Amino acid sequence: MGKPVDHVVTRPGRRLGDPEVEIPVAEDLTTVPGIPLRETDLSFYARTYPQETQNIEKAADRQWVWTVYSPEMSEYRKAHNDISEPLIDAAAVSGNLEPIGTPTGEDMTAAIRRKARELGFGEAGFTKYDRRYTYTSKRHWTKYEHAICLALEQDYVQTQSLPSMDAERAHFGTYEIEGALLLDLADHIRELGYHAQVHSPNDNSAPYIPMFVAAGLGQLGANGQLLSPHFGSRARLAIITTDAPVTYDQPVDYGIHQFCQVCQVCVNRCPGRALVKEKVWWRGVEKNKLIYERCRPVMARYDGCAVCMKTCPIQRFGMPAVMEHYVATGQVLGKGTHLLEGYTFMEKGYFGPGELPMFDRNFFEIPHGRNEEWLFQQFKEKLVKEGIPSQEALVGFARDVKKIIDKGNSTLGDE
Ligand code: SF4
Ligand code: SF4
């Protein structure tokens, strides 16, 4: 059954020099450009309940994951951290570096976009750096008002083997390459005569997806990831902020906001039952809100999981093919097939369409919150169960709290 088309989105090709692509958006998928947003709510939540990075807010489980990693994963992640460290350090001070060239005052949008594409970024867009999203710990760090949103494609073939170590190598390996490319692009902007601050994907200053959506580089999927036109959620995101004169891009309605309600493949295939069918209003935005506590235990134990990325048709086939198929047939390309929906879950085996692995209740019991919060929670439970602890246990508790305070909060993570 054919569907009437409301509008056609034209986007640059996947690689620099590739022809433009056209994405038809069916009438019944049309909603708003970007995402439904209540500006007053967004501002209220930003002011009253500012966000903090998960690397601080969820430090207890981010530390716990190291206790359940396989030896291979543990070794690989340590090596990744060693490679990333100098890139993160360089990004942290990049905003303080002075420009090398002489500014002309001309609009730099085209020059920066071209250089980004030449370096290999699959998507490059411009928008305001929206400080309402900035993490509390980064408020005094962020310097410049324009955000350059940059997405680097993760390898297609390796990604389809998810969940696997091979796919994790593609995931973290892409961040390693991206970390270096961002520094190169920032150097180029300084040569043009302007400041450039690299916001490392391993040390985020904010959730980046809202700014990518504002820059028209995709829309938010039900899997909680940016669905970009060519590679869906198989994109690794970072931004550079600058004071170079640029022209902002506009948000786009690719039809994804409504398409996800029709598709639901990731929601149905999520082994942790962490994805939610219905959209809710959350901090001023209408979205499918992922349940972090159901996802984390699966991700940590099963090579990063990411079944929600693998089973997304936009990731697998690209947005033009999926939207053309929807317009022609009213169907979701690949839905119900083993090719799209099947996955192997380590020792649990293969799961085809309609089949999900099972976990017992204990599986989902993991540390929550900040390190000190988790320590206090455990202390409280012991107090209730065993009464007033010994002098020795009290001193031990105080020592553990002090150790956490002395160590401080790290904003570094493994996005
Ligand atoms: S990573 Fe796995 S558990 Fe988490 S939301 Fe995606 S599919 Fe579900
Ligand atoms: S799998 Fe379907 S529902 Fe999930 S993000 Fe992709 S398009 Fe949206």
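This is a predicted model: local features need pLDDT of at least 70, side-chain atom pairs count only at pLDDT 80 or more; totals for chains, interfaces and linings use all residues.

I began with helix α14 (residues 319-329), where Met319, Pro320, Val322, Met323, Tyr326 and Val327 are buried, that is, under 20% relative accessible area with a 1.4 Å probe and protein chains only. Helices here are DSSP runs of H or I of at least four residues, and strands are runs of E of at least two, numbered from the N terminus. Among the elements that cover these buried residues I listed β1 (5-11), β2 (21-26), β7 (226-227), α9 (256-263) and α13 (313-317). Just after α14, I found that glycine 330 takes a positive phi of about 75 degrees.

Residues are numbered from 1 along each chain as its sequence is written, chains are lettered from A and ligands numbered from 1 in the order in which they are written, and side-chain values use heavy atoms, without hydrogens and water.

Next I turned to the sheet, which is open and has four strands in the order β3-β4-β8-β5, with antiparallel pairing; strands pair if DSSP finds at least two bridges between them. β3 (123-128) and β5 (196-199) stand at the edges with a single partner strand each, so one side of each lacks a neighbour in the sheet. I noted that six bridges join β3 to the antiparallel strand β4 (residues 146-153), and that lysine 128 has histidine 146 in β4 as its bridge partner.

Conventions. Buried means under 20% relative accessible area, exposed over 50%, partly exposed in between (1.4 Å probe, protein chains only). Contact means heavy atoms within 4.5 Å.
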